[in-house]
Amino acid sequence: MSIVWLLFSSAYLSYLHGACIVFILSIATGNFLLVKIFAQKEYFPLVVWSYNILFLLCNRIYEGYSFSMFGQQWAFLDNYRGSFRWHICFNFVVLRMISFGFDFHWSNQDSHFDKEKHYQRCHICKSGKSCYQVLQERSLHNDKFGYITYLCYLVYAPLYIAGPILNFNAFASQIDVPQNTNSVRNVTLNGFRWVLSLLLMELMTHLFYYNAFANSDLWKHLSPMDVFIIGYGVLNFMWLKFLLIWRFFRFWSLINGIETPENMPKCINNCHNLEGFWKNWHASFNKWLVRYIYIPLGGSKKKLLNVWVVFTFVAIWHDLEWKLLSWAWLTCLFFIPELVLKSAAKAFQAQSSFGECIFRELSAVAGAVTITCLMVANLVGFVVGPTGINWLLSSFLNNNGLPVLGGMLMTFYVGTKIMFHIDEAKQRSP
């Protein structure tokens with residue numbers, strides 16, 4: 001089965017990248033050899049991370065390289081680079097190479113995954129099926145970590161271009177035994193919902209012009225209220241755009257019998273804290289970051305430090321741009337008060353109904369502030385850039401902008417209260 005999918009994916013890659021498939025196979029083979037040689041060494045994490053980050057940066061700096069760099073006799077191959085820039089897709093391949101390395105590194109170590117506790121809480125596992133969490137944490141035999149399976153995992157056609165991101169253990173577990181958690185009816189329903197989402201995107205692109213304002217710099221001549229509407233519109237547009245991309249490839253993968261995480265399990269307008277937002281935006285990437293960066297760095301014990309490492313990597317992984325680093329570090333800054341408030345909330349126990357009411361209102365206010373901070377971070381990252389921070393401050397912190405800012409906070413406050421009711425209704429439902 002691995003060989004069949006490798007042949008199909010190789011043909012798919014040849015169409016996308018032409019002669020540049022040589023670069024992909026060379027870097028991938030180098031990673032495989034490093035993993036096999038150094039997997040049992042204490043400094044293995046340093047070796048794998050250094051190798052992959054090196055090529056992540058070099059691929060961007062040299063724009064995927066050119067064959068003429070290796071001699072003029074190879075320059076003619078630059079005319080056969082395929083229909084898609086290989087170094088853009090390779091960001092996902094880097095994540096898969098790291099996943100393969102660490103899953104092999106951990107395969108001979110004791111797992112910290114508590115299966116019994118998980119089975120008690122997971123309704124999928126209770127029904128006799130295997131959820132994604134179990135597939136991810138499952139220890140595989142060493143013969144599953146072969147070169148053919150490795151290459152098949154890296155270039156698996158349905159997930160190659162954009163994900164969702166699947167870790168190696170979960171992929172290898174489903175090659176011979178296809179997923180059984182999604183019935184034919186559920187897979188068909190996923191496809192139908194994707195078509196409805198596509199129709200909504202067509203409607204948005206024809207009737208709403210958020211991105212045109214953002215990309216043309218016309219926002220500089222608009223009022224604070226207009227900028228707020230554009231920023232909110234761009235955020236919703238991006239959510240729907242990525243939902244369409246990821247759900248299409250997930251649908252293709254499910255048809256083939258490989259289950260992947262749902263990248264957008266929750267609507268963007270139903271998230272009132274940063275932690276919840278990032279668990280539900282590119283959720284498969286969040287799972288990858290938690291497994292391969294956050295937990296190895298100490299997990300929740302060093303949360304305030306770890307978020308800086310995680311988001312800096314996320315920014316560099318996306319692209320080498322200052323505005324993305326500004327977005328990442330702003331997000332980290334906004335994360336700190338939320339983490340402090342959550343720690344205080346755990347220590348606080350309301351002793352009366354009045355105390356519960358006060359706590360709920362303060363939580364709603366905190367939610368409104370968090371959503372506003374999220375808006376600002378995304379405005380800087382994807383609309384105004386780091387150079388527009390001063391413009392944002394001067395526009396909103398004046399006599400004309402303060403009423404708009406107050407209206408925003410009040411709107412988000414009401415929205416957060418509605419989110420509380422939705423979450424409570426879901427908890428009450430069987």
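Contact is taken here to mean heavy atoms within 4.5 Å. By this criterion, and not counting residues up to four places away in sequence, Leu 240 touches Ser 197, Leu 200, Met 201 and Met 204. The structure is a predicted model, in which local features need pLDDT of at least 70 and side-chain atom pairs count only at pLDDT 80 or more, whereas totals for chains, interfaces and linings use all residues. Residues are numbered from 1 along each chain as its sequence is written, and side-chain values use heavy atoms, with hydrogens and water left out.

The protein chain contains 20 helices and 0 strands; these are DSSP runs numbered from the N terminus, with helices (H or I) of at least four residues and strands (E) of at least two. Of its 430 residues, 47% count as buried, where buried means under 20% relative accessible area, exposed means over 50%, and partly exposed lies in between (1.4 Å probe, protein chains only). Among contacts between residues at least 6 apart in sequence, 74% join residues at least 24 apart.

Helix H8 (residues 147-154) is largely enclosed by the rest of the structure, because 6 of its 8 residues are buried. The buried residues of H8 are Thr 149, Tyr 150, Leu 151, Cys 152, Tyr 153 and Leu 154. The C-alpha atom of Leu 240 is separated by 9.2 Å from that of Met 264, 24 residues apart along the chain.

A group of residues from separate parts of the sequence surrounds Arg 60 and Asn 91, which are in contact with each other. Arg 60 lies in helix H3 (residues 44-61) and counts as buried at 14% relative accessibility. The side chain of Arg 60 makes a polar contact of 2.8 Å with the side chain of Asp 319; a polar contact is a pair of N or O atoms within 3.5 Å, and within protein one must be able to donate a hydrogen and the other to accept it, with residues adjacent in sequence counted only if both atoms are side-chain atoms. A polar atom of the Arg 60 side chain also lies 3.2 Å from the backbone oxygen of His 318. Leaving aside neighbours within four places in sequence, the contacts of Arg 60 are His 87, Ile 88, Asn 91, His 318, Asp 319 and Leu 320. Asn 91 is placed in helix H4 (residues 86-106) and is buried at 5% relative accessibility. With the sequence neighbours within four places again set aside, Asn 91 is in contact with Leu 56, Arg 60, Trp 317 and His 318. The C-alpha atoms of Asn 91 and Asp 319 are separated by 9.3 Å, although the two residues are 228 residues apart along the chain.

Two loop residues were also examined. Thr 181 is found in the loop between helix H10 (168-175) and helix H11 (184-207), and counts as buried at 13% relative accessibility. The side chain of Thr 181 forms polar contacts with the side chains of Asn 182, at 3.2 Å, and Glu 259, at 3.0 Å. Not counting residues up to four places away in sequence, Thr 181 touches Ile 124, Lys 129, Ser 130, Cys 131 and Glu 259. His 282 occupies the loop between helix H14 (274-280) and helix H15 (283-294) and is buried at 6% relative accessibility. The phi of His 282 is near 55°, a positive value in a residue other than glycine. Most residues other than glycine have a negative phi.

A search of the whole structure finds 0 disulfides, a disulfide being a pair of cysteine sulfur atoms within 2.5 Å. Cys 267 is in no disulfide, and the nearest cysteine sulfur, that of Cys 271, is 7.6 Å away. Cys 267 is partly exposed, with a relative accessible area of 35%.
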